[in-house]
Amino acid sequence: SQIPALGISHFSTATDSIPSHRNPPRVRNLIGGQFLDSQASKTIDVLNPATQEVVSQVPLTTNEEFKAAVSAAKQAFPSWKNTPITTRQRIMFKLQELIRRDIDKLAMNITTEQGKTLKDAHGDVFRGLEVVEHACGMATLQMGEYVSNVSNGIDTYSIREPLGVCAGICPFNFPAMIPLWMFPMAVTCGNTYVLKPSEKDPGASMILAELAMEAGLPSGVLNIVHGTNDIVNNICDDNDIKAVSFVGSNTAGMHIYARAAAKGKRVQSNMGAKNHAIVMPDASIDATLNALAAAGFGAAGQRCMALSTVVFVGDSKPWEEGLVERAKSLKVNAGSEPDTDLGPVISKQAKDRICRLIQTGVESGARLVLDGRNVVVPGYEHGNFVGPTILSNVTSNMECYEEEIFGPVLLCMQADSLEEAIDIVNRNKYGNGASIFTTSGVAARKFQNEIEAGQVGINVPIPVPLPFFSFTGSKASFAGDLNFYGKAGMQFYTQIKTVTQQWKDLPSQGVSLAMPTSQ
Ligand code: NAD
């Protein structure tokens, strides 16, 4: 195999060094089946957010290298498209087995580069693995339709064909799950792929690419290029790329949506969020408060479906105290330490932004009932830690409410009725997720019917669907019209071709210029 000194072929071995602070390995691109050192002169340091140690360096891939990756994908397409669907599925069967085999290695890489706890990192891999499992059933998912005898001796059928070269652009917060939302669905449909991992934590994508090759994915079917804005713009502009999947912030997502669509590409763009939970006074107190604390502070609030706002309705208002008690009991530490509840946030800049938004809340009249800004973790004094933070008496005109904070900060609001609470949620621009906690079927049904969010939880704090459904964020949380995974994911990565065929003895009827109609 291609295992060099570091034991990882996707790292540069030019220096043959053990990763160290002074001599970090360079992450390679994957082009046409080979892990290649980039000729780029500029690199970005990948930092361990708990320590600031340089884990590796990501190259800002050159234009030539980018073109080589697209060209490799384009070359691989015709034979991959014509590879039997059963063979493509079997590679996914093998891939899911290999991901299970290496899940600890993947999780450790995620904790090192992204910061989340090891247990949460396992969840990151597992939720992606479920998409690979889903792709194993692509033959039935991709089936076409057939109507016989639409006219005398004429049948019509539709088939779903792959598009060609597709591309995916990933965020930092789920280094395994989100690449796995993208390339397994795309390649099992028969496309070839160019993946651009987050420059903050590219390691899991590289391990997954190695596993995909080991599983039998032919050279050129999956390619990986690293970089930031320039490489993303190249993806948007390249005429050989037919579809772009994006997950990340609204600023990048709307830019990519507009730029790639202007080039005639399909785009699915999953973006930011402000997820609310409405708490009714008839809810089960203990279970609800546990769920709120877990959904607000898990992954240090860096999930697009993290809970960021709780609306306490009527007599549930005093429950806030119980939420603060639970939040106080959570342990902030490096993700690699046992029993950690919250790891660090991704970067110093992210921490500064989170702290600034907390401060704007205080200055505009919110009550800071729990302040995690000054937390110090012994042994990890340089880590980007923010402890659980709760702001109370928040109103919808505050900056901390209008902006996605993307940190371990829960905002508490109050409403006198369910109608008022639903109105608060619906006035928010985002529509990723919203939940209600109640024991009343009537309240739950009203909520489900009237709430304007794409993913709805009823006594479920983070209602992310499993891959046989789709991830259906709405409003400002999504741009495009075919969502990730599920049927919509397959539809996004395929084009319908509708065939009308006539097989009958054709007696001569002369030339008729009239519009053909069903006979
Ligand atoms: P980000 O937008 O900063 O980065 C995402 C990707 O876009 C990266 O690969 C980055 O290199 C690229 N990028 C960033 N700015 C760009 C620009 N100006 N031009 C071109 N490319 C650019 O997002 P992030 O900080 O990595 O991720 C966090 C965000 O992702 C949050 O807003 C979160 O809600 C969102 N997110 C959404 C979902 C979802 O499914 N809705 C899932 C996960 C994360």
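1. Helices and strands are here DSSP runs, numbered from the N terminus. The model under review is predicted. On that basis, N483 belongs to the loop that runs between strand 21 (478–479) and helix 16 (486–492).

2. A polar atom of the N483 side chain lies 3.2 Å from the backbone oxygen of F471. Leaving aside residues up to four places away in sequence, N483 touches Q268, S470, F471, T472, G473, F478, A488 and G489.

3. As to annotation, UniProt, in an unreviewed entry, places the feature "domain: Aldehyde dehydrogenase" at residues 37–499. In the model, this span is 40% helix and 22% strand. The C-alpha atoms at the ends of residues 37–499 are 46 Å apart.

4. L466 is located in the loop between strand 19 (455–458) and strand 20 (474–475). With a relative accessible area of 33%, L466 is partly exposed.

5. For K475 the angle is about 50 degrees. K475 is part of strand 20 and is partly exposed, its relative accessible area being 32%.

6. Which elements do the buried residues of helix 11 pack against? The buried residues of helix 11 (residues 320–328) are E320, G322, L323, V324 and A327. They pack against helix 10 (285–297), together with strand 13 (307–313), strand 14 (367–370), strand 15 (389–392) and strand 16 (409–415).

7. M108 belongs to helix 3 (residues 103–114) and is partly exposed, at a relative accessible area of 39%. Although M108 and H122 are 14 residues apart along the chain, a distance of 8.6 Å separates their C-alpha atoms.

8. A search of the whole structure returns 23 salt bridges. One of them connects the side chains of E399 and R356, at 3.3 Å from N to O. This pair links distant parts of the chain: E399 is in helix 13 (residues 399–402) and R356 in helix 12 (residues 348–363), 43 residues apart. Both partners count as partly exposed, E399 at 31% relative accessibility and R356 at 42%.

9. Another salt bridge lies within a single helix. The side chains of E450 and K446 meet at 3.1 Å, N to O. Why are E450 and K446 separated by about one helical turn? They are four residues apart in helix 15 (residues 441–450), and therefore about one turn lies between them. In general, an α-helix has 3.6 residues a turn, so residues three or four places apart point the same way. E450 is partly exposed at 35% relative accessibility, and K446 is partly exposed with a relative accessible area of 25%. Elsewhere, salt bridges that share partners join R101, D102 and E214 into one network.

Definitions and conventions
Residues are numbered from 1 along each chain as its sequence is written. This is a predicted model: local features need pLDDT of at least 70, side-chain atom pairs count only at pLDDT 80 or more; totals for chains, interfaces and linings use all residues. Side-chain values use heavy atoms; hydrogens and water are left out. Helices (H or I, at least four residues) and strands (E, at least two) are DSSP runs, numbered from the N terminus. A polar contact is a pair of N or O atoms within 3.5 Å; within protein, one must be able to donate a hydrogen and the other to accept it, and residues adjacent in sequence count only if both atoms are side-chain atoms. Contact means heavy atoms within 4.5 Å. UniProt positions are given in the numbering used here, feature names are shortened, and annotations may be inferred rather than shown by experiment. Buried means under 20% relative accessible area, exposed over 50%, partly exposed in between (1.4 Å probe, protein chains only). A salt bridge is a side-chain nitrogen of Lys or Arg within 4 Å of a carboxyl oxygen of Asp or Glu.
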